[in-house]
Amino acid sequence: MRKVDLLFAEYSKSHRNATNKFIHWICVPLIFWTILGFIALIPAPHFCSSYFGCISIVSLITVLLITLFYLRLSLLISGIMIFMMLIMEHFIYLTNIHFGKQSWMIYLAVFIITWIFQFIGHKIEGKRPSFLKDLQFLLVGPIWLLSFILKKTGIRY
């Protein structure tokens, strides 16, 4: 069995309840977005494009490192996730432009609220979150959701 399938099987053990899964569909992408948002606030030079906006060098390095983790698991998943992270970075840019120096409060509020819901979901599930066992599951959550979309569309990852 491939490593990605082993990770999905392990992650699935604590994500069987329908309510918990529903909460994860909303909260996991938002948590991922807020973490990228916090990273984008680290003062650093930016690359800018007229169509995309700006992305900091720190954010770009982070996206590339996360992509390397995903690349070890699946070429298709890593390609989709780099695209998704760049879309998130665009919305981070828009958030930072709109809210300016207060954008950190948006990220913090969304981060706290979504984690509260995540823990409620796991309370309902009756099982602890996977990342408490292994931190790499913080990166597995988003691609676990992606795997459902790929399976539903018949695309092999």
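A disulfide is a pair of cysteine sulfur atoms within 2.5 Å. By this rule the structure has 1 disulfide. The model is predicted: local features need pLDDT of at least 70, side-chain atom pairs count only at pLDDT 80 or more, and totals for chains, interfaces and linings use all residues. Residues are numbered from 1 along each chain as its sequence is written, and side-chain values use heavy atoms, with hydrogens and water left out.

**The disulfide and the hairpin**

Cys-48 and Cys-54 are joined, with an S to S distance of 2.0 Å. The torsion about their S-S bond is about 105°, so the disulfide is right-handed. In general, such a link is a covalent bond between the sulfur atoms of two cysteines.

Accessibility is sorted by relative accessible area: buried is under 20%, exposed is over 50%, and partly exposed is in between (1.4 Å probe, protein chains only). Cys-48 counts as exposed, at 56%. Cys-54 is buried, at 17%. Another cysteine, Cys-27, is buried at 4%.

Helices (H or I, at least four residues) and strands (E, at least two) are DSSP runs, numbered from the N terminus. Strand 1 covers residues 46-49 and strand 2 covers residues 53-56. The two run antiparallel and are joined by 4 bridges. Strands pair if DSSP finds at least two bridges between them. Phe-47 has Ile-55 in strand 2 as its bridge partner. Strand 1 and strand 2 form a hairpin, with 3 residues between them.

**Salt bridges**

A salt bridge is a side-chain nitrogen of Lys or Arg within 4 Å of a carboxyl oxygen of Asp or Glu. The structure holds 3 of them.

| Asp-5 | Arg-2 | 3.1 Å |

Shared partners join Glu-10, Lys-13 and Lys-133 into one network.

How exposed are the members of this network? Glu-10 is partly exposed, with a relative accessibility of 23%. Lys-13 is also partly exposed, at 43%. Lys-133 counts as exposed, at 64%.

In the salt bridge of Asp-5 and Arg-2, Asp-5 is partly exposed at 22%. Arg-2 is partly exposed at 31%.

**The buried side of helix 1**

Which residues of helix 1 are buried? They are Val-4, Leu-7, Phe-8, Tyr-11 and Ser-12. These residues cover an arc of only 130° around the axis, which puts them on the same side of helix 1. The arc is that of the directions from the helix axis to the C-beta atoms. An α-helix has 3.6 residues a turn, so residues three or four places apart point the same way.

The buried residues of helix 1 pack against helix 2 (18-40), helix 4 (75-99) and helix 6. Contact here means heavy atoms within 4.5 Å.
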